[in-house]
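Subject: Structure handover

Hello,

My notes on what was found in it follow below.

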Amino acid sequence: MTSGNSCFLVDCGEATQIQLKKYKLKLSKIDHLFISHLHGDHYLGLMGLISTMHLSRREKLLTIFGPPGLDEIITVQLKHSHLKLHYPIKFVRTSTLGKNLLLDEKYIKVYSFPLKHRIPCTGFIFEEKPRLRNLIKEKVQSAQLSLEAILALRNGQDYVDESAEVVYAVNEYTHPPAPLRKYAFCSDTLYDEDIVPYIRDCSLLYHEATFMNIDQIRAAETCHSTAAQAATIAKMAGAKQLLLGHYSSRYVDLHPLLEEAQAVFESSLLSEEGVTYWID
Ligand SMILES: [Zn+2]
């Protein structure tokens with residue numbers, strides 16, 4: 001996913017770098033990588049990606065957020081292949097205890113939160129930071145506002161010019177910024193209402209939907225969710241939109257799965273390879 005100039009990769013299955021190449025997404029743009037858990041389909045592409053970045057003569061830091069053990073797996077592979085990378089990697093261990101701030105960038109904050117799966121697993125929340133209000137240019141120019149006044153207004157405060165005994169009202173000189181967006185990524189998880197407080201009011205919720213209703217028992221046994229369960233979580237959390245994914249290969253046609261989700265939460269979508277989804 002991208003935000004401004006930042007490009008984040010969330011989970012890294014086997015064919016990730018092939019897909020990135022196919023869709024013309026540059027590896028060099030990725031500085032932060034988030035791995036939810038250590039089942040192969042979520043991280044086996046990582047070593048290949050690290051090697052390709054080395055071959056591309058990357059020099060800048062790569063930060064990898066993931067569960068304990070990931071650093072050991074990568075370090076052992078590097079050690080036995082006698083590969084001395086051209087660039088540094090920083091591993092940051094995720095925790096399955098509560099919500100944790102992982103990254104605090106200029107425009108965005110990234111958090112992890114626990115999911116219930118067969119091994120330690122976390123979801124991730126990408127949350128835009130509050131922005132300054134937008135000036136109404138004509139008004140600001142005609143009033144010839146000082147820098148101090150502009151700063152106050154952009155920060156949402158009325159400005160009082162005591163010498164001139166004038167109050168500049170924030171609503172008269174500025175428009176509110178666009179609503180803040182929040183993307184929640186729920187990787188593999190059992191149906192778990194405990195995650196709702198973490199993902200509340202997200203603009204877009206990605207939630208795994210491995211199974212259909214008919215296979216609900218199998219979903220519970222394998223610590224996965226059904227499409228209808230994903231939709232229930234989206235509804236409880238007040239999400240604007242739900243993106244389904246991680247479908248079992250037993251389903252050739254995914255539309256019945258989408259219908260089961262939409263019966264619970266109308267704004268449900270199927271995630272598809274190579275499609276870009278915009279977060280409103
Ligand atoms: Zn898994």
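In helix H6, which spans residues 147-154, the buried residues are Ala-149, Ile-150, Ala-152 and Leu-153. They sit on the same side of H6, because the arc they cover around the axis is only 165°. The face turned away from that buried side carries Leu-147 and Glu-148, both exposed. Please keep in mind that this is a predicted model.

The buried residues of H6 have several packing partners. Among the helices these are H5 (137-143) and H7 (170-173). Among the strands they are S9 (134-135), S10 (159-161), S11 (166-168) and S12 (174-175). After H6 comes Gly-156, with a positive phi near 90°.

Zinc site

The zinc ion has donor atoms from His-37 (NE2), His-39 (ND1), His-117 (NE2) and Asp-188 (OD), at 2.2 to 2.3 Å. Along the chain these donors follow the spacing H-x1-H-x77-H-x70-D. His-37 and Asp-188 link distant parts of the chain, 151 residues apart. His-37 is in the loop between S3 and helix H2 (40-43), while Asp-188 is in the loop between strand S13 (182-186) and helix H8 (196-199).

Why is the arrangement of the four donor atoms irregular? The angles they subtend run from 91 to 167°, and four donors count as tetrahedral only if all angles lie between 85 and 135 degrees. For reference, the ideal angle for four tetrahedral donors is 109.5 degrees.

Two of the coordinating residues also have accessibility values on file. His-37 counts as buried because its relative accessibility is 0%. Asp-188 counts as buried too, at 2%.

Cysteines

The number of disulfides in the structure is zero. For Cys-121, the nearest cysteine sulfur is that of Cys-186, 9.2 Å away, and Cys-121 is in no disulfide. Cys-121 is buried, with a relative accessible area of 1%. Cys-186 is likewise in no disulfide; its nearest cysteine sulfur belongs to Cys-202, at 7.7 Å. With 0% relative accessibility, Cys-186 counts as buried.

Salt bridges

How many salt bridges does the structure hold? There are 11. Side chains of opposite charge can pair when their charged atoms come close.

Asp-31 pairs with Arg-58, and their closest N and O atoms are 3.0 Å apart. This pair links distant parts of the chain: Asp-31 belongs to strand S3, Arg-58 to the loop between H3 and S4, and 27 residues separate them. Asp-31 is partly exposed, at 22% relative accessible area, whereas Arg-58 is buried, at 8%. Asp-31 and Arg-58 are also linked with Lys-60 in a network of salt bridges.

Glu-172 forms a salt bridge with Lys-139, with 3.6 Å between the closest N and O atoms. Here too distant parts of the chain are linked, with Glu-172 in helix H7 and Lys-139 in helix H5, 33 residues apart. Both ends are partly exposed: Glu-172 has a relative accessible area of 39%, and Lys-139 has a relative accessibility of 35%.

Glu-128 and Arg-131 meet through their side chains in a salt bridge, at 3.6 Å from N to O. Glu-128 is buried, with a relative accessible area of 13%. Arg-131, at 34%, counts as partly exposed.

Backbone angles

Most residues other than glycine have a negative phi.

Lys-24 has a positive phi, near 55°. Its place is the loop between helix H1 (16-22) and strand S3 (30-34). Is Lys-24 buried or exposed? Lys-24 is exposed, since its relative accessible area is 75% and the cut-off for exposed is over 50%.

Arg-57 is not a glycine either, and its phi is positive at about 60°. Arg-57 lies in the loop between helix H3 (46-55) and strand S4 (62-66). At a relative accessibility of 59%, Arg-57 counts as exposed.

Regards

Notes:
Residues are numbered from 1 along each chain as its sequence is written. This is a predicted model: local features need pLDDT of at least 70, side-chain atom pairs count only at pLDDT 80 or more; totals for chains, interfaces and linings use all residues. Side-chain values use heavy atoms; hydrogens and water are left out. Helices (H or I, at least four residues) and strands (E, at least two) are DSSP runs, numbered from the N terminus. Buried means under 20% relative accessible area, exposed over 50%, partly exposed in between (1.4 Å probe, protein chains only). The arc is that of the directions from the helix axis to the C-beta atoms. Contact means heavy atoms within 4.5 Å. Donors are N, O and S atoms within 2.8 Å of the metal (3.2 Å for Na, K and Ca); water is not among the atoms, so sites may look incomplete. Four donors count as tetrahedral if all angles lie between 85 and 135 degrees; four count as square planar and six as octahedral if opposite donors are over 155 degrees apart and all others between 65 and 115; anything else is irregular. A disulfide is a pair of cysteine sulfur atoms within 2.5 Å. A salt bridge is a side-chain nitrogen of Lys or Arg within 4 Å of a carboxyl oxygen of Asp or Glu.
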